[in-house]
Amino acid sequence: EAGVAQSPRYKIIEKRQSVAFWCNPISGHATLYWYQQILGQGPKLLIQFQNNGVVDDSQLPKDRFSAERLKGVDSTLKIQPAKLEDSAVYLCASSLGAGVSYNEQFFGPGTRLTVL
Amino acid sequence: SQKIEQNSEALNIQEGKTATLTCNYTNYSPAYLQWYRQDPGRGPVFLLLIRENEKEKRKERLKVTFDTTLKQSLFHITASQPADSATYLCALGRDSSYKLIFGSGTRLLVRP
C-alpha cells in the first residue's frame, strides 16, 4: 500500500515570496490534515479536511495561508507571502475518517521550508 | 486552553533497560490517547492507541497506561534497543472529531 506522498521535500525561499506544497493521501482516506512542525515542537494542526470540505481551520493564519482539497483527494497548501517564522516542516497526514471511532493518522515525509 | 506536557529533556538509557516516557495533560478530556514515533527527517508513525476506559495496552515490547484521574499516560519500552532511539509523541483525541492535539515529544537515546 502506497503511503502519503508529499512534494517538494525541501524548499528555500526569501521572505515575502510565495510557496506551495502538495500532498497525495492514502487512497480511500476521507480525512486529510496539514500540520506545521517547528523544530523541537510537536505537530500543530493547520487545517483538516473531510473529503473536500474543511472541518477545522481554526489555527490557520488565513491572511497568508490557504489550502484546498479538490475532488476530495490530493491537496495543496500555499503560503503567500512567507515570513521568517514560517520556517518549519509541513506535514500532511490522512486517516480513514468517517465511520471510524478512533483516528490513526498516516503521515507523509514532510516538506522542510526555510524562509530567508 | 488545553496543554500537553512531555519531558523536554532527552531520556538516555542503557540497552536492555526499560524506557518510561510520560505524557501529562490539563484542561482536556480525551476519549483516547495515541503514541507516535518520529525519526529525524520523517513523519510520525503510529504506535499504539488507548481509550479512556482502558487502563493498559500492550504491543510486543510496548506498553501504554492511561490514568484519566491523574490525567497522565505512561509509555514503556521494555528490553530497549539502540534502534528504539527516536522522538516519541503523545496525541490526544475525542470521538466527536478526528482532530489530534500533539505534545512536543520526548527524545529517547538508547546506548549500546
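Which cysteine does a disulfide join to B:Cys23? Keep that one in mind while you work through these exercises on a predicted model.

**Exercise 1. Track down the disulfide of chain B and describe it.**

*Step 1.* Start from B:Cys23 and look for its partner: a disulfide joins it to B:Cys90, with an S to S distance of 2.0 Å. The cut-off for calling a disulfide is 2.5 Å between the sulfur atoms, so this pair qualifies.

*Step 2.* Now turn to the torsion. It comes to 65° about the S-S bond of B:Cys23 and B:Cys90, and the link is right-handed.

*Step 3.* B:Cys23 sits in strand E3 (residues 19-26) of chain B and B:Cys90 in strand E9 (residues 86-93) of chain B, so the bond ties together distant parts of the chain, 67 residues apart.

*Step 4.* Buried or exposed? B:Cys23 has 0% relative accessibility and counts as buried. B:Cys90 is buried too, with a relative accessible area of 0%.

**Exercise 2. Work out how chain B meets chain A.**

*Step 1.* Begin with the residues in contact: 19 from chain B and 27 from chain A.

*Step 2.* Next comes the area. About 1,700 Å² is buried between the chains, and carbon and sulfur atoms give 52% of that. On the chain B side, B:Tyr98, B:Lys99 and B:Phe102 supply 37% of the buried area, more than any other three residues.

*Step 3.* Look for charge pairing. The interface has one salt bridge: the side chains of A:Asp56 and B:Lys99 meet at 3.2 Å, N to O. There are also four residue pairs in polar contact between the two chains.

*Step 4.* E4 (32-38), E5 (45-51) and E10 (100-102) of chain B each supply at least two residues that touch chain A. E4(B) gives the most, with four residues.

*Step 5.* Finish by sorting the chain B side by class: nine nonpolar, six polar and four charged residues.

How values were computed: Residues numbered from 1 in each chain as written. Chains lettered and ligands numbered in written order. Predicted model: local features only at pLDDT ≥ 70, side-chain atom pairs only at ≥ 80, totals over all residues. Heavy atoms only, no water. Contact = heavy atoms within 4.5 Å. Buried area = accessible area lost by both parts, 1.4 Å probe. Salt bridge = Lys/Arg side-chain N within 4 Å of Asp/Glu carboxyl O. Polar contact = N/O pair within 3.5 Å; in protein donor to acceptor, adjacent residues only side chain to side chain. Nonpolar A, V, L, I, M, F, W, Y, C, P; charged D, E, K, R; others polar. Buried < 20%, exposed > 50% of the residue type's maximum accessible area, 1.4 Å probe, protein only.
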